[in-house]
Amino acid sequence: MAHPTTAAERVVLLDEAGHPAGTMLKSEVHTTETPLHLAFSCYLIDDDDRILLTRRALSKATWPGVWTNSFCGHPGPDESIEDAIARRADQELGTAVTALRLVDRDFRYRAVDAGGVVENEACPVYVARIAAPLRPSPAEVADCHWTSLADLRAAVAATPFAFSPWMVEQLSGEIAGKLRV
């Protein structure tokens with residue numbers, strides 16, 4: 001059963017060197033002056049080696065309606081990234097993951113969406129195998145689609161504006177070659 005996101009969820013703020021520097025309510029962190037904070041991106045792979053893409057719910061505060069990697073999130077102050085991934089896989093997609101693997105420890109990006117909201121994240125990137133059927137939360141996910149890495153890279157190259165800026169950046173670098181479990 002999916003766990004609801006709580007209004008009191010906190011994110012870990014980081015200094016420029018990437019060290020913890022406090023916390024902030026998730027509901028308050030994403031603004032036009034978002035401070036650097038810890039997050040993660042995760043790509044899910046199925047038994048046919050396809051990648052799960054998700055379209056962000058239209059109610060999301062940042063990049064609503066945009067296609068992106070399988071899911072993202074923020075570890076809490078006393079939570080490992082691996083535990084946060086398991087939690088968010090359940091919350092967003094109603095699923096579980098296995099064979100979790102870190103593919104880029106140092107990914108970091110800053111982007112501004114059409115509404116002026118800033119993402120400013122140190123965002124390690126993971127890949128995992130999906131371990132249970134999908135039951136996406138409508139509050140998080142508007143749509144899902146399984147695709148091959150080759151087709152995904154072609155779509156991103158042809159229409160980068162249709163995808164999240166973090167995924168576009170991740171797929172343009174060495175991360176794309178590591179998206180297998």
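**View 1. Surface of the predicted chain.** The chain exposes about 8600 Å², and carbon and sulfur atoms supply 55% of that area (Shrake-Rupley method, 1.4 Å probe). Buried residues, meaning those under 20% relative accessible area, make up 48% of the 181 residues. This is a predicted model, where local features need pLDDT of at least 70 and side-chain atom pairs count only at pLDDT 80 or more, while totals for chains, interfaces and linings use all residues. Residues are numbered from 1 along each chain as its sequence is written, and side-chain values use heavy atoms, leaving out hydrogens and water.

**View 2. Overall fold.** Count the elements here and you get four helices and 12 strands (DSSP runs: H or I of at least four residues for helices, E of at least two for strands). The radius of gyration, taken over C-alpha atoms, is 15 Å, close to the 16 Å from the globule rule for 181 residues, so the chain is as compact as a globular protein of that length; the rule is 2.2 Å times the number of residues to the power 0.38. Of the contacts (heavy atoms within 4.5 Å) between residues at least 6 apart in sequence, 67% join residues at least 24 apart.

**View 3. Where α3 meets α4.** The axes of α3 (residues 149-158) and α4 (residues 165-172) come within 10 Å and cross at roughly 115 degrees; axes are lines fitted to C-alpha atoms over the stretch in contact, with angles running from 0 to 180 degrees between N-to-C directions. On the α3 side sit L149, L152, R153 and V156, meeting M167, V168 and L171 of α4.

Key. Buried < 20%, exposed > 50% of the residue type's maximum accessible area, 1.4 Å probe, protein only.
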